[in-house]
Amino acid sequence: MRGDDAQHLVGGIDGAPDGLLVGLGRLRTSGAVSFGLALPIEGDPVGLGGPPPFNHAALAVGEAVVVAGAGVGLVPSRTGAAVVWDVHQASRRQLPDVGEAERSLRAALPSVADALARLEVARWRPEVADELMNLRHLHVPAAPAGVPGRVVELAGRAFQALAIVDLALVDDGGAVSATEIAARRDALLPLGRAARRAVVAAGSPEVWPG
């Protein structure tokens with residue numbers, strides 16, 4: 001979780017921020033049973049259930065963690081080389097289940113591939129075509145013990161889709177017109193939405209298959 005950061009702190013539970021292990025331990029004693037992901041953007045607050053102050057804070061950074069059972073959510077903010085997870089009140093949320101997320105992602109891919117072909121994206125971004133051709137070769141991400149294999153595979157497919165979206169939206173230094181960039185962005189919206197919802201489902205134990 002810490003990666004290359006100097007440290008992670010969990011703040012706002014009982015005054016001053018705690019270290020990660022102590023902070024998560026406090027949440028556990030407050031009733032936490034699982035930690036779930038939210039990846040909201042304007043117009044699609046996927047993974048959030050309110051109240052407004054928590055939603056606004058999460059939307060500002062595009063991510064949050066919802067702590068099931070404790071009624072709180074964590075929103076990261078960076079301070080130098082450290083990350084502080086600010087604690088907010090959080091309500092129960094509605095989530096796509098794993099099956100729904102899988103179906104939405106699979107349905108979005110063919111139509112987006114056709115749209116990108118019509119827009120001749122491969123001419124400007126050949127790596128996008130490479131990613132589309134590589135969809136059958138799934139890179140399965142590392143996951144903690146106990147995560148269902150179906151969930152791990154869903155996360156891998158969602159990460160592939162997000163990589164396609166990111167590559168296809170890169171501005172080609174003026175080689176592509178503003179109109180073409182807008183058309184490309186519109187074509188990719190369904191895939192980006194489906195991929196983010198799939199990542200949220202994969203990162204939310206509340207909806208994992210039993």
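Predicted model: local features only at pLDDT ≥ 70, side-chain atom pairs only at ≥ 80, totals over all residues.
Strands β4 and β5 (residues 72-79) pair in the antiparallel sense, with three bridges between them. Strand β4 (residues 64-68) has five of its five residues buried, so it is largely enclosed by the rest of the structure.

**Strand β4 and its two partners**

- Both faces of β4 are covered: on one side sit A64, V66 and A68, on the other V65 and V67, and all of them are buried.
- In a regular strand, side chains alternate between the two faces of the sheet.
- Strand β3 (residues 34-38) pairs with β4 in the antiparallel sense, over five bridges.

**The two hairpins**

- β4 and β5 form a hairpin with three residues between them.
- In the turn of the β4 and β5 hairpin, G69 has a positive phi of about 95°.
- β5 goes on to strand β6 (residues 82-89): eight bridges join the two, and they run antiparallel.
- For a reference point along that pairing, take S77, which stands opposite V84 in β6.
- β5 and β6 also form a hairpin, this one with two residues between the strands, and G80 in the turn has a positive phi of about 65°.

**Helix α6 against helix α7**

- Helix α6 (residues 149-168) packs with helix α7 (residues 178-202) at an angle of about 155°, their axes 8 Å apart.
- With an angle over 145 degrees, α6 and α7 are therefore roughly antiparallel to each other.
- The crossing of α6 and α7 is left-handed.
- The residues in this contact divide into 17 nonpolar, one polar and two charged.
- On the α6 side, the contact residues include V151, L154, F159, L162, I164 and V165.
- On the α7 side, they include R184, L188, L191, G192, R196 and V199.

**Helix α3 against helix α7**

- Helix α3 (residues 98-118) packs with α7 at an angle of about 160°, and the axes lie 9 Å apart.
- α3 and α7 are therefore roughly antiparallel to each other.
- α3 passes α7 in a left-handed crossing.
- Here the contact residues divide into 16 nonpolar, one polar and three charged.
- Among the α3 residues in the contact are V98, E100, S104, L105, L109, V112 and L116.
- Their counterparts in α7 include R184, A187, L188, P190, L191, A194 and R197.

- D166 lies in helix α6.
- At 54% relative accessibility, D166 counts as exposed, because the cut-off for that label is over 50%.
- D166 and G50 are 116 residues apart in sequence, and their C-alpha atoms are 28 Å apart in space.

Terms used
Residues numbered from 1 in each chain as written. Heavy atoms only, no water. Buried < 20%, exposed > 50% of the residue type's maximum accessible area, 1.4 Å probe, protein only. Helix = DSSP H or I, 4+ residues; strand = E, 2+ residues; numbered from the N terminus. Pairing = 2+ DSSP bridges. Axes fitted to C-alpha atoms, helices over the stretch in contact; angles between N-to-C directions. Parallel < 35°, antiparallel > 145°, perpendicular 65-115°, else oblique. Left-handed = near helix turned anticlockwise from the far one by under 90°. Contact = heavy atoms within 4.5 Å. Nonpolar A, V, L, I, M, F, W, Y, C, P; charged D, E, K, R; others polar.
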